[in-house]
Amino acid sequence: MATRTVMPFGPQHPVLPEPVHLDLVLEDERVVEAVPQVGFVHRGLEKLVEKRDYKHFVHVAERICGICSFGHSMGYSQAVERLMGIEVPERGQYLRVIWHELSRIHSHLLWLGLAADAMGFESLFMHTWRLREHVLDIFEKTAGGRVILSVCTPGGVFKDIENTELNAICGVLASLLEEYDQIANTFLMDDSVKNRLVGVGYLSKQDAINYGCVGPFGRASGIEMDVRMAGIDAYSKLYDFRPVVSTEGDCYARCKVRIEEVRQSIDIINEMVGRIPAGEVRVDVKGNPEEGSSAVMRVEQPRGEAFYYVRGNGTKFLDRFRVRTPTSANIPGMAGALAGCDLADVPNIILTIDPCISCTER
Amino acid sequence: MAQVDFIETTLGELVGAAQAYKAKGWRFAQCCASRNGDDAFELLYSFVDDATNEVANLRVCVSSSDEIPSVGGIYPVAFMFENEMHDLYGLTVVDMNLDYRGGFYHLHIPAPMAQAPQGKAKPVAAAKPAAAAE
């Protein structure tokens, strides 16, 4: 019988952009068990809601994460809107979806680049991030910022985008798609990529359900769950939305799901631009949330379902703001996927859940 | 829009209610604590039916001395949030399937979220420049 050893992995590791630690229980080179540990950079942003005006707090919520910043501002705003019974004008809802789907494209391109970098495929990494720059340019042109957009607020969005500009965005995405197809082809067909990902970090559908996995990580194991199917706000206007699902359950499947989701997001943006109504983009929010009122909201972030909870107390400060991020839900599943893998595959498997520790420790 | 329910329940009924949601095939979304005044807390356990997008939130009122039973035996993912409730609010959750014993978060002060709100921070006045020497 092989001797068991415990190897610490992280919190500082070349493949990890953020600190997460794992105690890997090994039998020779095989991982028997992985015990995750987060909590190195807890920031206490949720506590700040007690001393920031609920309208201003959206800027704190947005700073929970630098990648899905728009999604967090949207999730917080929608939760407050549900708390106070506010209806956002349709054009504002459409613009939110457009910015949110652009965020998903840039997040997935960022992840694909990181995955290529982790595999040592530097040219693929650089090409992927070069494409991502086009999306950041769109952010800069429409919102003024490349990372923190500060356009979402309870009641709608601060800025409108002219229809001519929206059509120009579709043009940029069409040309991006041509180059993207070449990169996607490399990810899906290249032997050096396949050798690192196919059959690695397998998680069955039943295990994914038991662990409560969400987002591309869960969908790659066959779970047909995507909050966009719930049809919240302008997502209800989509003609037909079906989540991208794969049944292989390995690292390759997680890569494939994200690659298809980029194309899906471009389709959603094109549909939204084609049908966006004219009108206001924001309503004024007056008064404070009632004492004892509470609301929850779910948003499909690039990494999966994020869950928001807000509770009012009759003042301009909220009693409670809570975010359950997709990474929090996926860490137990990641530990499950690591059990039985080779030590050399651990970085790739961790990366394929697209962990965001900044979100998790908010 | 899918239905969202808030259901008041008691600590004694919590595990049974979680088992009932598990039996119906609902997913455990999260649990969290909130301050409810001095030495009083509200726990919120959220479950989602992915087929209908219905959300059910079980609300339980507890005090700091109560022992909260873990739902980790029913939903393994719960250990993340139960350890968080312990570290951030100082609550006692018993029988967790993975207990970090207060080491889940590396915090400067214990149970920071259990502290009363301190009001809006006042901006610190800039120090006046020293008078120029004559």
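Let's start in the loop between β3 (40–49) and β4 (54–63) of chain B, where you'll find N53(B). Helices and strands here are DSSP runs, H or I of at least four residues for helices and E of at least two for strands, numbered from the N terminus. N53(B) isn't a glycine, and yet it has a positive phi of about 65°. Buried or exposed, or something in between? N53(B) counts as partly exposed because it has 18 C-beta neighbours inside 10 Å. The cut-offs: 20 or more other C-beta atoms within 10 Å is buried, 12 or fewer is exposed, partly exposed is in between, and the C-beta atoms are placed from the backbone.

Quick housekeeping. This is a predicted model, so local features need pLDDT of at least 70 and side-chain atom pairs count only at pLDDT 80 or more, while totals for chains, interfaces and linings use all residues. Residues are numbered from 1 along each chain as its sequence is written, and chains are lettered from A and ligands numbered from 1 in the order in which they are written.

Chain B has another residue of that kind. A111(B), in the segment after β6 (92–94) of chain B, has phi near 45°, again positive and again not a glycine. A111(B) is partly exposed, with 15 other C-beta atoms within 10 Å.

Okay, chain A. We've got 12 helices and 8 strands, and the C-alpha trace spans about 70 × 45 × 30 Å along its principal axes. For 362 residues a compact globule would have a radius of gyration near 21 Å, and chain A has 21 Å, which agrees. That's taken over C-alpha atoms, with the globule rule being 2.2 Å times the number of residues to the power 0.38. Buried residues make up 56% of the chain. Of the contacts between residues at least 6 apart in sequence, 70% join residues at least 24 apart; a contact means C-beta atoms, placed from the backbone, within 7 Å.

Now the sheets. One is an open sheet of 3 strands in chain A, order β1-β2-β3, antiparallel. β1 (4–9) and β3 (30–37) of chain A are at the edges with a single partner strand each, so one side of each is left without a neighbour in the sheet. Neighbouring strands are turned by 20° against each other on average, direction ignored; the axes are lines fitted to C-alpha atoms, for helices over the stretch in contact, and angles run from 0 to 180 degrees between N-to-C directions.

β1(A) pairs with β2 (residues 21–27) of chain A over 6 bridges, and for pairing we ask DSSP for at least two bridges. V6(A) has V25(A) in β2(A) as its bridge partner.

β7(A) and β8(A) are joined by 5 bridges, and Y309(A) stands opposite R322(A) in β8(A).

Leaving out residues up to four places away in sequence, V310(A) touches several residues, including A79(A), L83(A), A295(A) and F321(A).

Last stop, the contact between the chains: 26 residues from chain A and 31 residues from chain B. Which element of chain A gives the most to that side? α10(A), with 4 residues. By class, the chain A side has 11 nonpolar, 7 polar and 8 charged residues, where nonpolar is Ala, Val, Leu, Ile, Met, Phe, Trp, Tyr, Cys and Pro, charged is Asp, Glu, Lys and Arg, and polar is the others, Gly among them.

Conventions:
Two residues are in contact if their C-beta atoms, placed from the backbone, lie within 7 Å.
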